[in-house]
Amino acid sequence: MNEAMAFVIATPLLGAMVAAVFPRQSHWLGVLSLILNAVAVGLLLAFTLSQGKSTMVLGGWQEGLGIALHADALATLMLALTACVALAVSFYATGYFHNPRDAARFWPLWLLLVAALNGLFLAGDLFNLYVTLELLGLSAVALTALGGKRESIDAALRYLMVGLLGSLGYLAGVAILYTAFGTLDMQQVGDQVAVDPASETALVLMTGGLLLKTALFPLHFWLPAAHSNAPAPVSAALSALVVKAGFYLVLRLWTEVFPQAVPEQGALLLGVLGSMAILWGSWQALRAQRLKLLAAYSTVAQLGYLFVGLALLVITPAGAAHDLVFGAIVLMALTHGFAKSSLFLAIGVVQQHAGHDRIDHLDGTSQRLPATTFAIALAGVALIGLPPSGAFLGKWHLISTSINGGQWLLVLVMGIGSLLAAAYIFRVLGHAFGEAAFASRPVNNASAEWPALTLGIIATLGLGLGSAWVWPFLGGAA
Amino acid sequence: MNLSNTLLLMILGSSLLPGLAIFFLHEHSYRLRTTLNMIGAVLKLVLVAVLTWGVLHEQTFETRWLIAPGLELVLHADALSVLFVSLSTLLWLVTTVYAIAYLENSPHRSRFFGFFSLCVTSTVGLALAGNLFTFVLFYELLTLSTYPLVAHKGSAEANRGARTYLAYTMGGGLVLLIGAVWLQNLAGPVEFVEGGVLSQLPADSHPQLTLIFLLLMIGLGVKAAIVPLHGWLPRAMVAPAPVSALLHAVAVVKAGAFGIVRIVYDVYGIEFAADLDLLMPLGIAAAVTIIYGSVLALTQDNLKKRLAYSTVSQVSYIALGTAIFGPLGTIGGVAHLVHQGVMKITLFFAAGNYAETLGIHKVSEMHGVGRRMPLNTLAFTIGALGMIGIPPIAGFVSKWYLGTGAMEAGLAVWVIPVLIASSALNAAYFLPILYRAWFAPARSDWPDERIPSGRQETHPGLLWPPIITASLALAVGLFAAAPFSPLEWAELIAEREYVR
């Protein structure tokens, strides 16, 4: 079953190459390779669920020399998120690009991005992580630039600079660790890390670089422009998956590599920044004039929840409560991944239908697109954190942990964040009830609408009512 | 899978599935939509009858589903849930008939009936919730499913009203959530058990329990429209008449009141709540709301707004009954849960008929309307007299029990004056309407006569629902001592709640 791991990385990578060679066939080649990828991920998930964590060393070298891949609960869940979102985005993308040249550019880059993500989730040593991180950043930048307009090029260039700076910080940290401990394997590094200058400097550099890539407040300045000017399928992937990669790495580093070296103030800092992100991001989303900008700022806010969760995780002593917070964070990350990709795809439908995405002029459009409006509502329920979404369960446990720890300020922040989220989501949904001319035959563009709808249903119902297995899965493996 | 496990799911599904199916229907498939609606409503009624029989014979109905560690979806039926479920099911059926006639040929009907069914599903879910987590879940779902109904007309005013509604209920939901999470931290998963579950907790947690009680009451008080959290209710009156009827009689306002009853009796336990001195503040808040709502109702010329403030006042009778320690107060409060629903839905149906048939929206336009629409006005009269508390209509029964309960509990000093003042105020804002409708000379031109006067005063689908509910209001008062009457159920509930 270990082969599934290699397969998970190889299918999109091969797909990217083949799609580059046969640009005219790229769309179905892309979808095909992602279907295969999803099958492989499904097998890997089933295997990990039953057998627990597994390791594979490429090329038969011994661990520490060869490229090691690790599949544990966290990694397979992120792979599953990526596989589902990637599949939905790909189905959507087959009908999105009207210019065949755009499509021919999109598919190889997009498949490369998925391959990089999969590699990143499975990588077991710090240098391979760097390679996948760089690959991910570059393909994301290129995809952002596909919009072709001046704003998208500007945003992509800024994104490129930020990405390179972030990777540089990360790489510097890796270099320090290698000098100090002579290994790059995460487990072996983790065994040697202690409260010493080398570990602490590496922790700061690597975390700093990743926070920049993850756009944690106040390092989010590049995100709204990049995410809101990219083509819709790209925005969905960037907001749902790419920023999650950075968060995933911070989570791994803080809980597995550096738990001894993380100072108390580190948790405090993340908690404060996360809270600011929630409040500032939600407020900016509420003030946004355009739908895509609203969705982008909402991502800034939602990342804040994840980092608040991480801060709570660090201060919660190991045990049942700790596992509960861990599960809550992962479930919120998964829910956000599904919900935000659903939102961006739905916005894409609205934008193509109306020719714009100005929120104040959406009356007729949202009434003629009932399925898409419904998708926005489902995604919105998950973003606000209302039941029965997965985010509601996550938020319940985060609030519970905050109350137990006496962190009333965090309770307040999460509460205000939810209310602001409700305000910005319903500001959009209110337009579904305008008095604009009523079309008794609504538009039903199934192939464009159902990916968003499916993702929204998974975020709200699937992860809400059917996610009880996630907690023991994560708890058992951690 | 035996019946006792699946019955509760079937009761939920009987409105959920038709509701979901209706969303996909074409706007013009009138027949299919009506059939789905009616099948769901009648089926639910049958299932609830089975449930009622079972609960009376002490059968347990329970469904559990773990959805996260410590968070379990629990559906459970006890006497109190049966009372609320049968109220919502019965009134849903009647309101569906009314709504089908009311919305004839208007746009967005599939959307309307879809959310209408979801709204009832959430209400029934609330009634059947077996623990606090499930209650919170359905409480939020109720907010979500009613928002589209309030915004339904799509006018700027409707959108504003819906936004206000949302702001209040989301805020309330959040406070309730925080209270619930906090309580679960202290006491573990909070199941609803007759007699309450919290009295076992150590004494040093009592200050926290008091604070949590405050949070829960604020969260529920928003929907129950307890002053000063009632601001959304008059603004939400922009909704179509069937929605207002349902919101005021069964769904939203009642959900808040039902929640208060649940928390006091089945979480804290009435005796423990009395020990913590939580009942007095609740009673005072209810009394203030009763008087304040009535005073505001006096000043409204808009008929629906007058009814809205009357709801603010009347629903707090339930909270007042809860706050009166002793079986009689409990009986009065719980019975009023049903009585107010039946009477208020009659008033809203009738008011909607005036607006739909003659274009009458204001009290000052109602001269002689009794001669033009005698049956409708008769139904309105029964509802109004019941609200004032005139025997033998339902409202009298609840007021009687509240009064005697207060005397028994030694609270007569302030409860009886509140009841008298409120009845006087009710009379002051209802009697002039009745006088004008029956005795003032009829006007020759109505503001906007849409249905010409013929053999029947208005569309039969609009006329029959208020007649049926008015008869119900009369019957539950007249036959209050008959088996299966709301009063009998309230007595059964009171019997099971007092443990000591």
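Student: Is Thr201(A) buried, partly exposed or exposed?

Tutor: The model is a predicted one, in which local features need pLDDT of at least 70, side-chain atom pairs count only at pLDDT 80 or more, and totals for chains, interfaces and linings use all residues. Residues are numbered from 1 along each chain as its sequence is written, and chains are lettered from A and ligands numbered from 1 in the order in which they are written. A residue is buried if 20 or more other C-beta atoms, placed from the backbone, lie within 10 Å of its own, exposed if 12 or fewer, and partly exposed in between. Because Thr201(A) has 16 other C-beta atoms within 10 Å, Thr201(A) is partly exposed.

Student: Which helix holds Thr201(A)?

Tutor: Helices (H or I, at least four residues) and strands (E, at least two) are DSSP runs, numbered from the N terminus. Thr201(A) falls in the run of residues 197–214 of chain A, which is helix 8.

Student: Why is chain A described as being as compact as a globular protein of its length?

Tutor: Chain A has 19 helices and two strands. The globule rule is 2.2 Å times the number of residues to the power 0.38, and the radius of gyration is taken over C-alpha atoms. For 478 residues the rule gives 23 Å, and chain A is as compact as such a protein because its radius of gyration is close to that, at 21 Å.

Student: Which element of chain B gives the largest share of the side that touches chain A?

Tutor: Counting residues as in contact if their C-beta atoms, placed from the backbone, lie within 7 Å, 27 residues of chain B are in contact with 28 residues of chain A. Strand 1 (62–68), helix 5 (132–150) and helix 6 (156–187) of chain B each give two or more residues to that side. The largest share, twelve residues, comes from helix 6 of chain B.

Student: How are helix 6 and helix 7 of chain B oriented, roughly parallel or roughly antiparallel?

Tutor: Axes are lines fitted to C-alpha atoms, for helices over the stretch in contact, with angles from 0 to 180 degrees between N-to-C directions. The axes of helix 6 and helix 7 (residues 206–224) of chain B come within 8 Å and cross at roughly 150°. Angles under 35 degrees count as roughly parallel, over 145 as roughly antiparallel, 65 to 115 as roughly perpendicular and the rest as oblique. Therefore helix 6 of chain B is, relative to helix 7 of chain B, roughly antiparallel.

Conventions:
Contact = placed C-beta atoms within 7 Å.
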